[in-house]
Amino acid sequence: MADDTTRSGTGGYSSLAIRDYIESLYSPPANDLTDAVGELERTDMPRIQISPTDGSILRLLLQMIRAKRVVEFGTLSGYSGLWMLRALGVDGHLWTCEYSSRHAEVARGVFERAGYGSQVTILEGDGRESLKKLEAHAPFDAVFIDADKSGYPLYARWAFDHLRPGGLIVADNTYLFGYLAGRAPDRNLDQRSIEAMQEFHVFLTSHCVAACLPTPDGLSVGIKPGNGF
Ligand SMILES: C[S@@+](CC[C@H](N)C(=O)[O-])C[C@H]1O[C@@H](n2cnc3c(N)ncnc32)[C@H](O)[C@@H]1O
């Protein structure tokens, strides 16, 4: 079930000391990442960014496929974006979709201060409405899904159609805060989101070579087959 550890990224470690040790080596502090987290506090935005360990996994996955062109759904303050930009190199580009104009504005500042201003395009508004604009830049090397949970199947289908063979679909929170296989709690999460997340998993596993990494809230990864992949 969902608990504080799914959001804070503390689940999955046998102790907090081990988590801190691992993060100190695999996800060491850096000014730009600290800035992105600091902005969440300063502007009273929700602290719902990926964990430092998720960030190092994301960077590694993108580097392994030599990704240069990546789409993200769910920018927040740019924390996950910074991790991905680390893998893309100076000739890479990130297109990131964000519903909230306030979040987009904060993220723009974070990317600028980190020196990535010219390598990032933030598309404001509902991610569904940005799909047509994004298609002009396809094919992509990877799509990272971390926005509205009911949109996951739609984003995944769109990603599959606009990735190169060997490209990756990566999605966070695919345990749906612990509710993937259960009934919706009487809160912000409705039954439709559970059905949508299950539809996402069925799509990913039936179209891609896929795995769901057992991070605190599940990080699903699928590779689009074709051209030897
Ligand atoms: C979990 S946060 C993203 C965290 C970010 N990927 C990170 O790790 O730093 C989800 C973000 O998606 C945005 N969002 C929610 N629904 C959306 C939609 N329909 N289209 C685009 N963005 C959306 C929210 O405003 C929020 O900023």
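Where is the place of Q49 in the chain? Q49 sits in the loop between α3 (31-42) and α4, with helices (H or I, at least four residues) and strands (E, at least two) taken as DSSP runs and numbered from the N terminus. The model is a predicted one, in which local features need pLDDT of at least 70 and side-chain atom pairs count only at pLDDT 80 or more, while totals for chains, interfaces and linings use all residues. Residues are numbered from 1 along each chain as its sequence is written, and side-chain values use heavy atoms, with hydrogens and water left out.

Q49 counts as buried because its relative accessibility is 18%, where buried means under 20% relative accessible area, exposed over 50%, and partly exposed in between (1.4 Å probe, protein chains only). Neighbours within four places in sequence aside, Q49 is in contact (heavy atoms within 4.5 Å) with V37, L40, L76 and Y79.

L76 is placed in the loop between β1 and α5 and has a positive phi of about 55° although it is not a glycine. L76 is buried, as its relative accessible area is 10%. A positive phi, here of about 50°, is also found at L176, again not a glycine. L176 belongs to the loop between β5 and α9 and counts as buried, given its 0% relative accessibility. Another backbone feature is the cis peptide bond joining A138 and P139, with omega about 5°; P139 lies in the loop between α7 and β4.

Turning to the chain as a whole, nine helices and seven strands are present. The radius of gyration (taken over C-alpha atoms) is 17 Å, which agrees with the value near 17 Å for a compact globule of 229 residues; the globule rule is 2.2 Å times the number of residues to the power 0.38. Along the principal axes, the C-alpha atoms fill a box of roughly 45 × 45 × 35 Å. Of the 229 residues, 52% are buried. The accessible surface comes to about 10,900 Å², with 53% of it belonging to carbon and sulfur atoms; these areas come from the Shrake-Rupley method with a 1.4 Å probe, and for residues only the protein chains shown count as cover. Among contacts with a separation of 6 or more, 68% are between residues 24 or more positions apart.

Next comes the open space in the model. Rolling a probe the size of a water molecule over the atoms shows where empty space is left. On a 1 Å grid over the protein atoms alone, a pocket is an open set of points where a 1.4 Å probe fits, with protein on both sides within 12 Å along at least five of seven lines; lining residues have an atom within 4 Å of a point. The largest pocket has a volume of about 500 Å³, the volume being the space filled by probe spheres set on the points, which are joined across faces, edges and corners. Its lining holds 28 residues, and I48, G74, D146, A147 and D148 lie nearest the centre. At least two lining residues come from each of α5 (79-88), β2 (93-98) and α7 (127-135). By class, the lining has 11 nonpolar, 10 polar and seven charged residues, with Ala, Val, Leu, Ile, Met, Phe, Trp, Tyr, Cys and Pro counted as nonpolar, Asp, Glu, Lys and Arg as charged, and the others, Gly among them, as polar.

Helix α5 also holds L85, which counts as buried because its relative accessibility is 1%. Beyond four places in sequence, L85 is in contact with L94, F111, Y116, Q119 and V120.

Helix α8 (residues 152-162) is mostly covered, with eight of its 11 residues buried: Y152, P153, Y155, A156, W158, A159, F160 and H162. These buried residues pack against β1 (69-73), α7, β4 (140-145), β5 (163-172) and α9 (191-207). In strand β4, I145 is buried, with a relative accessible area of 0%. Not counting residues up to four places away, I145 touches F73, Y152, Y155, A156, I169, V170, A171, D172 and F200.
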